[in-house]
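Subject: Structure handover

Hello,

Here is the structure I promised to pass on. Please open it first, then read my notes below.

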Amino acid sequence: MNERYADIIVDITHEKLDRTFQYQIPPELEGRVQAGTRVKIPFGGGNRIIDGYVIGLGSRPKYEPAKIKKIAAVAEDGITVETRLITLAAWIRETYGSTMIQALKTVVPVKDKKKAKSGRRILLNVDQLQAASWLEQFRRRKYKAKIRLLEALVERPELTDEYVSKELKIPGETLKSLAEQGIIRLEQFTVYRNPIGESDVLVQEKEAPGLTAEQKEVLDGILREWEAGGRPCLIQGITGSGKTLVYMELIEKVLLEGRQVIILIPEIALTWQTVQRFYRKFGSLVTVLNSKMSPAERYDQFERVKQGEVQIVIGPRSALFTPFPRLGLIVIDEEHENSYRSEGTPRYHARETAIARGKLEGAHVVLGSATPSVDAYYRCRQGSYALFQMKSRYGGAVLPKVYPVDMREELKKGNRTVLSGPLQEAIGLRLRAGEQVMLFLNRRGYAGFISCRACGHVVKCPHCDVSLTYHNNGRLICHYCGFEREQLTSCPECGSPYIGGFRAGTQQVEQVVRKFFPEARTLRMDADTTRGKDGYERILKAFSGGEADILIGTQMIVKGHDFPKVTLVGVIAADVSLFASDYRAAERTYQLLVQAVGRAGRGELPGEAVIQTYHPEHYSIQAALSQDYEAFYEEEIGSRELMGYPPVSNLLAVHASCDREDTLQNAMEYIRRYLIRIRRRNDLQLVGPAPESVAKVQDYYREVLYLKSGEEQELIRMRELLERYIEINRGFASVHIQFDFNA
DNA sequence: AGCACGCCGACT
DNA sequence: GTCGGCGTGCTC
């Protein structure tokens, strides 16, 4: 294909990012122009030469060919941070499916809010008397804009750029001419907000508490890997094995080479202790981004980075796009965490994107986790990542003892509450000893699956190996392939009538606990009680300060925080996440259970954990009981392989939503037929369309269609063709389509 | 953002 | 008429 045209974004630092312009590639520049190339282009009526970035090539003109100008030249300083980030945006677009604009917006910080905070100030440059005489003159000549501005300046001799242009509607030229006459003064200012207050900058911690033999071994292994060319490295280290110390050594090494470091963490509020350690070690070389920062604040931080004020950035997913001039290392802590996958468009994954950026800039990537994602571990087994393991806790702390409780037995004994006999007993024991208890209820990912409380049987899709979900119309539906069946009144395995959805929230658990232990002080931590700005902090402080005996909560109580007096962790219902209706349910459950169990006995006192389940024999639960990651992995990868799920195969989801159900269903049917028409490989499977697990949101119906293939490239090819097909056909105008790759 | 174009009042 | 400020809209 002869690519004679280029789509170009105009000077990204100032202009709106939401438009591209098409230019011709003159024959003499052929081959030198690619996505990411910075070029000089004639722009606007006067054809003034400005900078632009090429974001894509094409062979077809989108406008009247006569109107398409030629690229003037390729910029000499060709490759800069920006061009590399734009190339990364192009990679994101290609891999995850979105428009180039959307990809660029996630990678390059938006600047337009910036004007308000910093930028230009307009000052009166003459005294009041002179101003009055100028005003007189302008009034005579009826220079309306000049009069407006001068009047405002007499009132208040200092105005912001925004006020002057938006409120007073003064064109830039008027300002220029007034400045030339010396009546006003324009002052450029930049205020960089530093999120670390001066008082937070702590004393540098100089002494390194020498590495253990195991830590040293991992460190040396990674350095050898770096010398060999550098695959991504995964450190699998159990909680307390000192992964952070290894990161620090690596970071120091990279800093000494004059290169910079990005550290990704799942959520600042939950990992504050880790962040503090980096501060103590690296002091003012470090800056922290967080997910609550406005784009303008993040922009400021990125400016500081470009000025060379900081060498290390710690932050969530979005910190991955920090524009360091010589990026040397990207660390992703708690690599398995869900928050590394973006929820918006494009739905990129920080791990994969970090590796892509690393390749582009010659930076190393180091991942760390106690319970690695199946994806990352699979890559290690394949040999595309290097694996390093740390198996001992320092300080000789021992892992807690873990006991399963079979809830089917509880029902047989006539106990129909959410607290089993053994757990009640254990709680009572701990309370009498004056120790603390955490009760963990995993509600996330809960999607209304149906199970039998007598035998534990879960109603699953016969084709997809995921749980069926109960719908209000009284039917059970598979959210992968759309399989449907009627609701059951008795268990098909054992005939028991106790079959239904699992219905217990943290409130119910709290009520039951109060009933059994009226003298115990309880605290509840869930989305409701942590709503305020420092909801987390408040509850966690109260609990660690001993203001309560029992903490009941969801997900958030099992991450990060150390409570030395907690000696018992109770998992109320391990099955809730186990039978969520998606193929990662078992993986998520294993990770949560290991984390939950790890909360017990962090201090002097030994701990124990009780896991309540209807499926004590399930491999996720068995592996969590013995803290045996390998065992879990082997089972899990086997089932992924069998069912054709990632990472063994590849899965592309086509999500569609529309306010009209029939239009949506029609559109999906067209998409399905089109995909069948263009498929090339026999191993490509189409699954669905099916209603999403939340089938209707704000009057918008939602459906999803899956494509499975062993070949990643084949899915990308099909997605690109489908994108074009949707763009061309007007029938899809009211249907919103989004892609999700290997999610 | 910057530039051109068209409109309108003021001045020769 | 024509000069110059002012507002608007477009830039492949």
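From which domains does the lining of the second largest pocket draw at least three residues each? They are domain 1 (5-107) and domain 5 (650-741). Domain bounds come from an automatic or database domain assignment.

Some ground rules. This is a predicted model, where local features need pLDDT of at least 70, side-chain atom pairs count only at pLDDT 80 or more, and totals for chains, interfaces and linings use all residues. Residues are numbered from 1 along each chain as its sequence is written, chains are lettered from A and ligands numbered from 1 in written order, and side-chain values use heavy atoms, without hydrogens and water.

**Domains**

Chain A is divided into domain 1 (5-107), domain 2 (117-191), domain 3 (198-395), domain 4 (397-446 + 502-640) and domain 5 (650-741). The centres of domain 4 and domain 5, taken over C-alpha atoms, are 38 Å apart.

**The second largest pocket**

A pocket here is an open set of points on a 1 Å grid over the protein atoms alone, where a 1.4 Å probe fits, with protein on both sides within 12 Å along at least five of seven lines; lining residues have an atom within 4 Å of a point. The volume is about 1,800 Å³, counted as the space filled by probe spheres set on the points, which are joined across faces, edges and corners.

The lining has 43 residues. Nearest the centre are Lys 62, Arg 93, Glu 723, Arg 724 and Glu 727. Strand E4 (48-58), helix H1 (81-96), helix H2 (100-107), helix H23 (712-728) and strand E30 (736-741) each give two or more residues. H23 has the largest share, seven residues. Helices (H or I, at least four residues) and strands (E, at least two) are DSSP runs, numbered from the N terminus.

**DNA strand C**

The protein surrounds DNA strand C with 18 residues. Near means a heavy atom within 4 Å. The closest are Arg 19, Gln 22, Tyr 63, Lys 67 and Lys 69.

A backbone N or O atom of Gln 22 is 2.9 Å from a base oxygen. A polar backbone atom of Gly 44 is 3.2 Å from a sugar or linking oxygen. A side-chain N or O atom of Arg 148 is 3.4 Å from a phosphate oxygen. Strand E2 (21-24) and helix H5 (144-155) each give two or more residues to this surface. H5 gives the largest share, four residues.

Best wishes

How values were computed. A polar contact is a pair of N or O atoms within 3.5 Å; within protein, one must be able to donate a hydrogen and the other to accept it, and residues adjacent in sequence count only if both atoms are side-chain atoms.
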